[in-house]
Amino acid sequence: RALLKMATALEATSPRRGLDSIQRVFVERDYSQGTTVKFSTLYPDELEGRVNEAEFRRTILHVNEIFDEAEEIGWRSCMEGTLACMTFFSIHMCRKTHYEKCLDRVAEFLAEENRTVYRDKGVLFINPMERGLRVIEIIVDQSVM
């Protein structure tokens with residue numbers, strides 16, 4: 001659904017009005033430091049001439065920082081776990097976990113970046129949750145620029 005919404009948003013701004021000008025680029029997970037959620041900062045060639053490498057790296061690094069914070073083990077996660085056990089996990093029906101709040105921050109950050117930085121360049125970053133945290137999908141509209 002989100003991909004269709006993003007493609008529709010690009011299509012509305014595109015003079016060609018078709019999905020044939022849409023290219024999908026994937027930023028893979030970086031497993032070099034284990035299985036924590038971290039995405040590669042290698043600059044995709046498909047973004048050349050649209051997004052400069054510094055903008056791309058800044059976006060990916062900020063997403064990685066949010067996931068680092070989400071996966072920290074500290075007093076907050078210990079208290080959440082203890083409270084969840086004490087309430088037979090019913091607390092999760094009333095309150096979001098710290099991890100869920102961080103996932104929301106990633107979605108909000110990417111939506112804001114799309115609005116302020118990337119949309120005018122014909123580029124949209126898709127929330128990695130839409131792809132099961134395996135990749136960050138980037139949609140590139142070839143007809144823009």
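In which helix is the place of Glu69? In this predicted model, Glu69 lies in helix α2, one of the five helices that, together with three strands, make up the secondary structure of the protein. Read from the N terminus, the elements follow the order α-β-α-α-α-α-β-β. Of the 145 residues in the protein, 40% are buried, and among contacts with a separation of 6 or more, 60% are accounted for by residues 24 or more positions apart.

- The residues of α2 that are buried are Glu55, Phe56, Thr59, Ile60, Val63, Asn64, Ile66, Phe67 and Ala70; viewed down the helix axis, the buried residues of α2 fall within an arc of 165 degrees, so they line one face of the helix.
- The cover over the buried residues of α2 includes β1, α5, β2 and β3.
- Glu69 has a relative accessibility of 28% and therefore counts as partly exposed, since that class lies between the limits of under 20% for buried and over 50% for exposed.
- When neighbours within four places in sequence are left aside, Glu69 is in contact with His98, Cys102 and Arg105.
- With Cys102 in particular, Glu69 has a C-alpha to C-alpha distance of 7.7 Å, although the two are 33 residues apart in sequence.

**Helix α5**

**The nonpolar core**

- The largest nonpolar core has 26 residues, and those with the most contacts inside it are Phe39, Leu47, Phe56, Val63, Phe67, Phe125 and Ile138.
- At least two residues of this core come from each of β1 (22-28), α2 (53-70), α5 (98-118), β2 (123-125) and β3 (135-141), and α5 gives the most, with seven residues.
- In soluble globular proteins, nonpolar side chains tend to be buried together.
- Phe56, one of the buried residues of α2, touches Val27, Ser40, Thr41, Leu42, Tyr43, Pro44, Leu47, Val51, Tyr118, Phe125 and Ile138, with residues up to four places away in sequence not counted.

- One cavity of 30 Å³ or more is held by the structure, and the largest cavity has a volume of about 50 Å³.
- The lining of the largest cavity is formed by Glu80, Leu83, Ile91, His92, Arg95, Lys96 and Thr97, and the elements that give two or more residues to this lining are α3 (75-86) and α4 (91-94).
- α3 has 12 residues and reaches 16 Å from its first C-alpha to its last, which is close to the 16 Å expected at 1.5 Å a residue.

**Loops and backbone angles**

- Just after α3, Phe88 takes a positive phi of about 55 degrees.
- Phe89, in the loop between α3 and α4, has a positive phi of about 65 degrees although it is not a glycine.
- Leu133 belongs to the loop between β2 and β3 and, again without being a glycine, has a positive phi of about 60 degrees; with a relative accessible area of 11%, Leu133 is buried.
- Leu42, by contrast, is exposed, with a relative accessible area of 68%, and is found in the loop between β1 and α2.
- The C-alpha atoms of Leu42 and Glu28 are separated by 9.2 Å, the two being 14 residues apart along the chain, and Leu42 is also among the residues that Phe56 touches.

Methods:
Residues are numbered from 1 along each chain as its sequence is written. This is a predicted model: local features need pLDDT of at least 70, side-chain atom pairs count only at pLDDT 80 or more; totals for chains, interfaces and linings use all residues. Side-chain values use heavy atoms; hydrogens and water are left out. A nonpolar core is a set of buried Ala, Val, Leu, Ile, Met, Phe, Trp, Tyr and Cys residues joined through side-chain atoms within 4.5 Å. Buried means under 20% relative accessible area, exposed over 50%, partly exposed in between (1.4 Å probe, protein chains only). Helices (H or I, at least four residues) and strands (E, at least two) are DSSP runs, numbered from the N terminus. Contact means heavy atoms within 4.5 Å. On a 1 Å grid over the protein atoms alone, a cavity is a set of points where a 1.4 Å probe fits but cannot get out, and a pocket is an open set with protein on both sides within 12 Å along at least five of seven lines; lining residues have an atom within 4 Å of a point. Grid points are joined across faces, edges and corners, and a volume is the space filled by probe spheres set on the points. The arc is that of the directions from the helix axis to the C-beta atoms. The expected span of a helix is 1.5 Å times one less than its number of residues.
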